[in-house]
Amino acid sequence: MHREVRLTARPQGPVTDDLFEIVEAPVPEPGPGQVLVRNTVMGVAAVMRTLMDESSVVPVPAYQVGEALTGPALGEVVAAPGTGLNPGDLVEHWLGWREYALLDADRVQRHDPGLMPDPAAYLSQGPTAWMGIVRGAEVRPGDTVFITGAAGGVGSLAGQIARLRGAARIIGSTGSPEKADRLIKEFGYDAMVIRGAGPIEEQLRAAAPEGIDALFDNVGGEQLQAAIAVANEGARLALVGALSSQLSEDGKPQTVEIDTLSLLSRSITLRGVALHTHRDLVPEWHQRFAEGLRDGTLTFPHTRLHGIEQAPRALRELTEGRHLGAVVVEL
């Protein structure tokens, strides 16, 4: 037997512990072409709150009430009859939220166990951060860059990547002075905009008196509007996340008024980018991340909880903004 976490009801607002139950189920038996994986670590992300709704615009199937949740996980192959995988291989897949997973062989990705100093780093949200900085915002040497949601698993890496790309000034947004201080002292940010400390546009203008050249937007809403207002001619604005909608109290989309003539007159590029159309960047990121972790040019900000029974708490606390960086659960 093994344990898995199932959804008990659709949320009507924020994530609460009573939306989950931990149940025991038989460990599945692999058939030819299938892989049985003993999961060792899983990741949680804000998008999981969106997937708890009955439907969403996210190109991933919504969670079903009474069934186990899904999400990124890393584990060790137990058995894989008729495949090229061997017991003990390190693999990544999308059936987290359970202690054992059964998948077709083409649904798992084998990883080099010696590449990352900490194998959990394979579950970082770095591929999204790398994609948004490199292909979305096209950050260039000398740029002033604004990164919204800077304290999350994506934003805490995006700032580091922007610095590697030669950005001259990196400004982030977050929800607390404590996180703002840490982002400046530990993760390379030059200035911070603090949600709730005054109008975002006023704070951003003070932090970037000469305007911004690139935006990495995890949030949307007022922060996107402020970035557009402060953007320089030819600025590249990348929409990478939508936390203002995903974590809203009522679960409704947060719309934004945009003056399109203003975008046109300043030749501003506004681009939505999603990782599922840039999967070719993932191996490149893993190699760069491993090198950066070893030589000290990159860090992996994260919180680690222990035991599958902590998985609901991990997601709840992440959506409440309690942690800086990624949140992972050792199983």
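Partly exposed describes a residue whose relative accessible area lies between the buried class, under 20%, and the exposed class, over 50%. The legends below refer to a predicted model.

**Figure 1. R3 forms salt bridges with E309 and with E99.**
E309 has a relative accessible area of 39% and is therefore partly exposed. The closest N and O atoms of R3 and E309 are 3.2 Å apart. Because R3 belongs to strand β1 and E309 to the loop between β14 (302-306) and α10 (311-319), this pair ties together parts that are 306 residues apart in sequence. In the salt bridge of E99 with R3, the closest N and O atoms are 3.0 Å apart. This second pair also links distant parts of the chain, with E99 in the loop between β5 (90-93) and β6 (100-104) and R3 in strand β1 (residues 2-7), 96 residues apart. E99 is buried at a relative accessible area of 17%, whereas R3, at 29%, counts as partly exposed.

**Figure 2. A salt bridge joins R205 and E201 within helix α5.**
The closest N and O atoms of this pair are 3.0 Å apart. Both residues lie in helix α5 (residues 200-207), where four residues, about one turn of the helix, separate them. R205 is partly exposed, with 41% relative accessibility, and E201 is likewise partly exposed, with 34%.

In the whole structure, a search finds 20 salt bridges.

**Figure 3. Helix α2 crosses helix α3.**
The axes of helix α2 (residues 126-136) and helix α3 (residues 155-164) come within 9 Å and cross at roughly 45 degrees. Helix α2 is therefore oblique to α3. The crossing of α2 past α3 is right-handed. On the α2 side, G126, A129, W130 and I133 take part in the contact, and they meet L157, A158, I161 and A162 of α3. By class, this contact has seven nonpolar residues, one polar residue and no charged residues.

The C-alpha atoms of E222 and I200 are separated by 7.0 Å, although the two residues are 22 residues apart along the chain. With a relative accessible area of 46%, E222 is partly exposed.

Key:
Residues numbered from 1 in each chain as written. Predicted model: local features only at pLDDT ≥ 70, side-chain atom pairs only at ≥ 80, totals over all residues. Heavy atoms only, no water. Buried < 20%, exposed > 50% of the residue type's maximum accessible area, 1.4 Å probe, protein only. Axes fitted to C-alpha atoms, helices over the stretch in contact; angles between N-to-C directions. Helix = DSSP H or I, 4+ residues; strand = E, 2+ residues; numbered from the N terminus. Parallel < 35°, antiparallel > 145°, perpendicular 65-115°, else oblique. Left-handed = near helix turned anticlockwise from the far one by under 90°. Contact = heavy atoms within 4.5 Å. Nonpolar A, V, L, I, M, F, W, Y, C, P; charged D, E, K, R; others polar. Salt bridge = Lys/Arg side-chain N within 4 Å of Asp/Glu carboxyl O.
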